[in-house]
Structure formats: C-alpha cells, structure tokens
Amino acid sequence: MNNKTYLIIGGTGGIGQAMVEQLVESTANEQGNICVFATYHRSVPDFEADNLHWLQMDVSDEDSIKQGADAIKQHRNHLDWIINCVGLLHTEQSQPEKALGQVETEFFLRSMQINALAGLLIAKHLRPLLAKSMRSTDKPAIFATISARVGSISDNKLGGWYSYRMSKAALNMGMKNLSIEWGRALKDVCVVVMQPGTVNTQLSAPFQSNVADGHLFSPAYSAECLLGVLASMTTAQSGSFVDWAGESIPW
C-alpha cells in the first residue's frame, strides 16, 4: 500500500504550482492513499483534486508555520517529501541592489526572513512528521529547498544583488547544518538544496532580458526536472547543493 504524503510550501508560485499539478497527476492512478498538501499565502487557489489539501501559511510568521503543521497532523501522521519553493527577490518597492549604496535595512531583513530563516522554521515544526516518514527501504524521505546559483560564494563573479545573494548563501549554510544534525538523528532523511534554473515566473520576470536563448525554462519543465532529481536522491546525497539536472553546484 502506497501511503506517501507530499508537502509543497509555496504551492501558488510558478514552480510550486507546477510541482503540485505534476504530483497530483502522477499519483492519480497509483494504488494507495497518496496525499498532496500545498500552501498558499493569501487566496485559496482554484486548482482542486481529490487527494490535494490546501493550507494557508505565511512563512514569515512562525505561528502560521506551526498552525500549518498542526493542520497536517489532523489528516496524516507523517510526511515523506517536503519541498520549500518560497523565495523573495524583489518587491513593488525594492529591487535587487546593484551597488552598496542601494542596500536598505528593511528589504535586507525581509530577504533574510523569507529566504533563510523560513526554511529553518519549516524544518523545526515539521520534523516530527518527517521522522515518521513511510519511506521505502531504498528511498529516503526528502527535505528540499529551492535556492539559487547566485547564493554560491565561489561562483560569484559579478557581485551585486546583496540581499538576495547573502540570504541564499545563509539558506545554503542553514540547510547544510540541518543535514549534519539530521544525519545523526534522522538517518533516513535527505536534505537537499536545489537550483531550478532561470524560470519564467514573477520572481524572474524583470530580469529575463539578459537570459540567453534556450535558458529560460517554463515552470512545468523546471518542476519536472527537480522532481526527477529528488526521486533519484539517496541518503548519501544529504547536504548537497544541486541544479535542476542534478549537477553539483559549488558552495
């Protein structure tokens, strides 16, 4: 009996929504009690399915994250895959900084809160459910977070984008720490940081003019690649930073 339970944090964003749709479709004809949970921030999405449950969650609010975890516990006693797709690159008021003089405290702290701290709080409150994963003998439970190649310190050749680069680098360090801690306590969980490619979403929309031909992915294509990489992950790969094709990215 397949009783897998998936959770997509940020299920209304470009990549997150594509993941939700693909997981629902790919599991529709499987035998068992498969369940997909997905979170939204403000408005309840109109996409529905028999095995899909929407949860309201504000990842900048720890109480909201805890309430989401409690809501899942009312339906299921475990989670097998958790994928955090939430990220912040710009707002209506603030764009990525091209120079030091553009750094503003409020936007910097907001970037850290959404891009770095949220992942740790999600892990903190969902750990008990992940610890009870219904994993098969050869596949680990998954805790995955969408990051960015610009969060790689050794890959930084252009500079700029202070808040985004620094918050993603902080996220990467936090997930690396988590992989080490859970490597001792939750030996059958794979913690992985993923780069989805440059994807045609609201997050990247203002910056797509500089993307080379053939390098701007659709959300559906990126989601399909990322889910495929996750399906092949092993516990030995916990603590890795990989791209949409499964290739390692330098920290």
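Start in the middle of this protein: its largest nonpolar core has 34 residues, and Ile82, Leu126, Phe143 and Trp182 touch the most other members. A nonpolar core here is a set of buried Ala, Val, Leu, Ile, Met, Phe, Trp, Tyr and Cys residues joined through side-chain atoms within 4.5 Å. Buried means under 20% relative accessible area, with exposed over 50% and partly exposed in between (1.4 Å probe, protein chains only). Keep in mind that this is a predicted model, where local features need pLDDT of at least 70, side-chain atom pairs count only at pLDDT 80 or more, and totals for chains, interfaces and linings use all residues. Residues are numbered from 1 along each chain as its sequence is written, and side-chain values use heavy atoms, leaving out hydrogens and water.

- The top giver is α3, with 9 residues.
- There's also a second, separate core of 32 residues, with Tyr40, Ala144, Ile146 and Val242 among them.

**Around Trp182**
- Skipping neighbours within four places in sequence, Trp182 is in contact (heavy atoms within 4.5 Å) with Ala123, Arg127, Leu130, Phe143, Lys187, Val189 and Val191.

**The cysteines**
- The model has 0 disulfides, a disulfide being a pair of cysteine sulfur atoms within 2.5 Å.
- Cys35 is in no disulfide, and its nearest cysteine sulfur, in Cys85, is 17 Å away.
- Cys35 counts as buried because its relative accessibility is 4%.
- For Cys85, the closest cysteine sulfur is in Cys225, 14 Å off, so that's too far for a bond.
- Cys85 is buried too, at 16% relative accessibility.

How values were computed: Helices (H or I, at least four residues) and strands (E, at least two) are DSSP runs, numbered from the N terminus.
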